[in-house]
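Open the model in your viewer and keep the selection panel at hand. The tour goes from one selection to the next.

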Amino acid sequence: MSNLFTPVKIGPIELRNRTVRSAAFEGMCENNSPSQSLFDYHTAVARGGIGMTTVAYAAVCRSGLSFERQLWMREEIVPELKRLTDAIHREGARASIQLGHCGNMSHRRICGCRPLGASSGFNLYSPTFVHGMTVKEIDEVVEAYGKAVELSIKAGFDAVEIHAGHGYLISQFLSPYTNRRKDEYGGSLENRMRFMRRCMKAVTDAGKGKVAIFVKMNTRDGFRGGMEIDESIEVARELQRCGADALVLSGGFVSRAPMYVMRGQFPVRTITHYMPMKTQWWLKLGVLLGGKIVCPTVPFRHLFFLEDSMKFRKALPDMPLVYVGGVLSRADADKVMDSGFELLQMGRAVLEDTDFVNKMKADENHCSGCEHTNFCVGRMYTLEMCCHKVCKDITPALKRNVERTIRSNDRMERKLGYK
Ligand SMILES: Cc1cc2nc3c(=O)[nH]c(=O)nc-3n(C[C@H](O)[C@H](O)[C@H](O)COP(=O)(O)O)c2cc1C
């Protein structure tokens, strides 16, 4: 028996067990505000036995939005968020909120300005021209991080998770691939960490000791020319010095290596099926023609970040570390705990079944039914995330595509000896 179902203290809070629902974008916030479906979803996850659930990907300010159905932290949504955290607490779980800024991964129509980035350039995804941030703009975003933490506290969250990975703004400053600045924010790692340090100062000034401060970061960016483990360990040490209470160890870069984040195939058919033809025909065509080339498959395996995360465990012996990536069974969860991580996060296993944690507790042989088709990811780009098994509007053609994906995943994973 591992310590999976024992309480744990992180910063100022205690969780009833070691499980956390990872930040997995819900797409349930029309008008950038919480909805009843967001409320129902997280309440169900809390009822399913989780230690803490994370509301995903809230933008600290408008320029940080990359989706239409994404939360944007502002005073007027605090009462609705409070209703949500109260409901999560009534179920015995803790509530966390992921705070981020998408940087160059946006479009003027959504973020209200020319997308900001560490450096100027062109973003093939949106597609759009990106504006390298001035120091004044940096100051404004740093301030927005502090303000967003204050609002999160007011809304009753127990924890905040600062998004410093996956190629979003903080990660765009850290990575030499996206940071080509010539000033004190670019060049050496010391300089590339400056923006992150300033955001962390604003976050800790607003929240240290009041909420648990988690930071989700990359172990690697997942492509040649991005951040590698040695530099990322330095980033982790810096985050510890900056006052983070725990680090969530992930990887990948949405604009360059998106499937490194969660593994499996890029769900081209699902994404293009849901994209509106009228406003996004050009993007739809681009994704259909080039999606699999620009976003190559990274084969899935259970606990796909464990080997890299262990290097962080060794390098940071006294820092609470959170494992994420491919936890699909009680055996996986026990293995993570036995490897010395304080907590584990799960995205798709809990997305497929909000009762996954209770089922793992009742049955030590319990296994998730998630087949990592990434249908949920494809749908989330346009509508609310949803597993294909319960999706009411799935068409027969999409269903056949999902079944084909399951068969080809199976063939690939057997060939590689992952199964
Ligand atoms: C539908 C979906 C949406 C996601 N959205 C986010 C997000 O908003 N922020 C984030 O940090 N990670 C996001 N992720 C990544 C997950 O949090 C997690 O790191 C990844 O899926 C690996 O965990 P898993 O194998 O347990 O799913 C998302 C994953 C999925 C499947």
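Select strand β5 (residues 94-100) and strand β9 (residues 159-163): they pair in the parallel sense over four bridges. Strands here are DSSP runs of E with at least two residues, helices are runs of H or I with at least four, and both are numbered from the N terminus. Two strands pair if DSSP finds at least two bridges between them. Now pick Q98, whose bridge partner in β9 is E161.

This is a predicted model, in which local features need pLDDT of at least 70 and side-chain atom pairs count only at pLDDT 80 or more, while totals for chains, interfaces and linings use all residues. Residues are numbered from 1 along each chain as its sequence is written.

Axes are lines fitted to C-alpha atoms, for helices over the stretch in contact, and angles run from 0 to 180 degrees between N-to-C directions. Contact requires C-beta atoms, placed from the backbone, within 7 Å.

Then show helix α7 (residues 194-207) with helix α8 (residues 229-242): their axes come within 10 Å and cross at roughly 30 degrees. That makes α7 roughly parallel to α8, a word used for angles under 35 degrees. R197, M200 and T204 of α7 make the contact with E238, L239 and C242 of α8.

Last, select α16, which gives the most to the shell around the ligand, with three residues.

Terms used: Angles under 35 degrees count as roughly parallel, over 145 as roughly antiparallel, 65 to 115 as roughly perpendicular and the rest as oblique. Two residues are in contact if their C-beta atoms, placed from the backbone, lie within 7 Å.
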